[in-house]
Amino acid sequence: MQSLSNRKKVLEQKPLNFWERIYLPAVFKGLTITLRHFFKRIPTIKYPEQKRPYSKNFRGQHSLKRDEQGRERCTACGLCALSCPAEAITMISAERKKGEEILYREEKYAAVYEINMLRCIFCGLCEEACPKEAIYLDGPHVQPEYLRKDFIYGKDKLVEPKFEIND
Amino acid sequence: MADDVKFKVSIDGIPVEVAPGTTILNAARQIGGDIVPPAMCYYSKLEGSGGKCRTCLVKVSKGSEKDPRPMPKLVASCRTTVMDGMEVLNITSPEVVEARKGVVEILLLNHPLDCPICDQAGECKLQDLGYEHGSAATRYEFERRTFEKIDIGDKIQLHMTRCILCYRCVYTADQITNQRVHGVLGRGDASEISTYIEKAIDNDFSGNIIDVCPVGALTDKTFRFKNRVWFTKPVDAHRDCPTCSGKVTLWYKGEEVLRVTARKDVYGEVEEFICNTCRFDKKATVDWVIDGPRHIENTSVISANHYELPAPPPVIKKNLRLQEANKEQLERAVKL
């Protein structure tokens with residue numbers, strides 16, 4: 001059948017000549033290519049000991065932020081869970097008791113806050129929805145685990161550690 | 001005047017015939033749709049409500065057939081009755097839109113920005129109004145007024161800071177119950193809803209002040225911080241109640257009933273008031289007869305992630321062969 005593009009090439013199968021039949025030139029040609037690569041720069045890097053520079057807006061693991069007094073910013077308003085297209089976020093809110101003002105910023109706080117890292121697609125919509133600037137996807141890649149249940153991150157893994165502000 | 005006399009009115013160019021004595025707002029509600037002025041204080045079930053918040057301002061471009069002069073100022077549509085041949089402009093008048101924007105800004109002067117905490121968020125009239133008409137920033141430079149939270153009885157919490165003084169709860173307490181139990185104290189900027197020495201309201205219908213409150217000033221303490229309304233699933237239910245109609249909406253989270261409210265219509269007004277036993281004490285599915293899921297407007301945040309079965313597209317409705325081919329899909333009871 002005639003080809004539509006008129007660019008069809010018919011490959012001819014010729015019988016091999018003497019040099020081609022003994023295969024040695026082709027073998028040496030291949031070996032020289034391999035040898036040449038020993039003296040080139042190695043592009044592989046040894047992750048995780050060595051890391052490539054990341055983009056500034058790289059989105060990794062979430063962290064729940066604290067304010068300048070070390071109180072948790074999250075008020076469990078549920079907007080992150082609402083905006084989440086993968087439905088990865090769940091939370092249970094609780095009312096702040098007297099004396100807990102140093103722990104939580106608002107009168108309501110998230111008693112349980114869980115993100116299923118297997119569901120999360122790292123789109124950053126939760127970050128955008130947050131009215132309290134409490135969640136940011138500024139962490140590293142999510143660590144591998146052996147069990148699926150270990151990918152459901154609770155507040156123990158998400159809330160950032162307390163820090164001191166040094167002016 | 002004879003009973004069958006009907007006044008011809010046009011609202012935003014849409015003609016409607018209404019009985020004499022109807023307010024402009026109710027005439028607009030007979031047409032429905034976008035041209036209905038928003039109302040924060042007017043409540044059709046409460047006599048004497050309205051005229052306080054000024055969000056329902058409209059422009060009357062022609063007073064009546066006999067006196068076609070326009071009204072000199074914008075009028076509150078919930079308190080102005082129609083005249084024959086009246087022409088009203090609501091969303092088609094830039095003056096009204098501008099005035100409403102100003103009203104929203106003034107309503108928000110003292111209203112705290114604590115929607116992330118407030119239990120009313122998601123079904124709050126002021127939130128809707130601010131989103132539709134308001135600007136993103138306020139020009140107010142002074143401290144917002146704040147109050148301590150007050151418990152009205154053990155089931156209702158009054159958070160005066162959020163109150164916009166619409167007086168709806170005061171009218172409810174006056175009209176639904178037989179004695180006056182709470183009112184507005186103070187004047188002007190200092191006025192606040194109070195129960196005189198925080199005396200507990202103990203009336204069977206006191207819980208309705210939660211439903212009539214357009215903002216989160218009066219909230220259900222049994223639902224306080226339990227969940228966000230858009231994560232709960234509304235289901236209509238009824239029960240044989242000796243004191244009220246027993247027709248309610250149950251708000252489910254999983255198997256659990258988190259909250260019981262009266263059924264609300266498109267304007268956020270309750271269809272029938274319910275008693276406190278239904279609202280606060282009957283929070284188990286066994287107490288109720290389920291009528292089915294409540295339809296939520298798809299413009300409401302509550303409808304997010306609440307899936308309803310898809311209606312078959314018109315092309316399938318017309319064609320018998322397509323109906324036969326999609327039989328399994330159409331008859332399935334759950335959306336996969």
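This is a predicted model: local features need pLDDT of at least 70, side-chain atom pairs count only at pLDDT 80 or more; totals for chains, interfaces and linings use all residues.
## Chain A: elements and spread

Chain A holds five helices and five strands, and, read from the N terminus, its elements follow the order α-α-β-α-β-β-α-β-β-α. With a radius of gyration of 29 Å, well over the 15 Å that the globule rule gives for 167 residues, chain A is more spread out than a compact globule. The C-alpha trace of chain A extends over about 95 × 50 × 35 Å along its principal axes.

Burial in chain A, counted as 20 or more other C-beta atoms within 10 Å of a residue's own, applies to 16% of its 167 residues. Among the contacts in chain A with a separation of 6 or more, 73% are between residues 24 or more positions apart.

## Contact between the chains

On the side of chain A, 12 residues are in contact with eight residues of chain B. The element that gives the most to this side of chain A is strand β2 (residues 89-95), which supplies three residues. Sorted by class, the side of chain A that touches chain B consists of four nonpolar, three polar and five charged residues.

## Domains of chain B

Chain B is divided into four parts, namely domain 1 (7-104), domain 2 (125-220), domain 3 (229-299) and domain 4 (306-336). Taken over C-alpha atoms, the centres of domain 1 and domain 3 of chain B are separated by 32 Å.

## The five-stranded sheet of chain B

An open sheet of chain B is built from five strands in the order β2-β1-β5-β3-β4, with mixed pairing. Strands β2 (14-18) and β4 (75-76) of chain B stand at the edges and have a single partner strand each, so one side of each is left without a neighbour in the sheet. Strands in a sheet pair through backbone hydrogen bonds, in either the parallel or the antiparallel sense.

Within this sheet, strand β1 (residues 7-11) of chain B runs parallel to strand β5 (residues 86-89) of chain B and is joined to it by three bridges, with B:Ile11 standing opposite B:Val88. Strand β5(B) also pairs with β3(B), here in the antiparallel sense over three bridges, and B:Val88 is the bridge partner of B:Val60. Strand β3(B) in turn pairs with β4(B), in the antiparallel sense over two bridges, where B:Leu57 has B:Ala76 as its bridge partner.

Two helices lie across strands of this sheet. Helix α1 (residues 24-31) of chain B lies across β1, β2, β3 (57-62) and β5 of chain B, and runs at about 115° to β2(B). Helix α2 (residues 94-107) of chain B lies across β3 and β5 of chain B, running at about 160° to β3(B).

## An enclosed helix and an open strand

Helix α4 (residues 168-175) of chain B has six of its eight residues buried, so it is largely enclosed by the rest of the structure. The buried residues of α4(B) are B:Arg168, B:Cys169, B:Val170, B:Tyr171, B:Thr172 and B:Ala173.

By contrast, strand β14 (residues 289-293) of chain B has zero buried residues among its five, so it lies largely in the open.

Notes:
Residues are numbered from 1 along each chain as its sequence is written. Chains are lettered from A and ligands numbered from 1 in the order in which they are written. Domain bounds come from an automatic or database domain assignment. Two residues are in contact if their C-beta atoms, placed from the backbone, lie within 7 Å. Helices (H or I, at least four residues) and strands (E, at least two) are DSSP runs, numbered from the N terminus. Ala, Val, Leu, Ile, Met, Phe, Trp, Tyr, Cys and Pro count as nonpolar, Asp, Glu, Lys and Arg as charged, and the others, Gly among them, as polar. Two strands pair if DSSP finds at least two bridges between them. Axes are lines fitted to C-alpha atoms, for helices over the stretch in contact, and angles run from 0 to 180 degrees between N-to-C directions. A residue is buried if 20 or more other C-beta atoms lie within 10 Å of its own, exposed if 12 or fewer, and partly exposed in between; C-beta atoms are placed from the backbone. The radius of gyration is taken over C-alpha atoms; the globule rule is 2.2 Å times the number of residues to the power 0.38.
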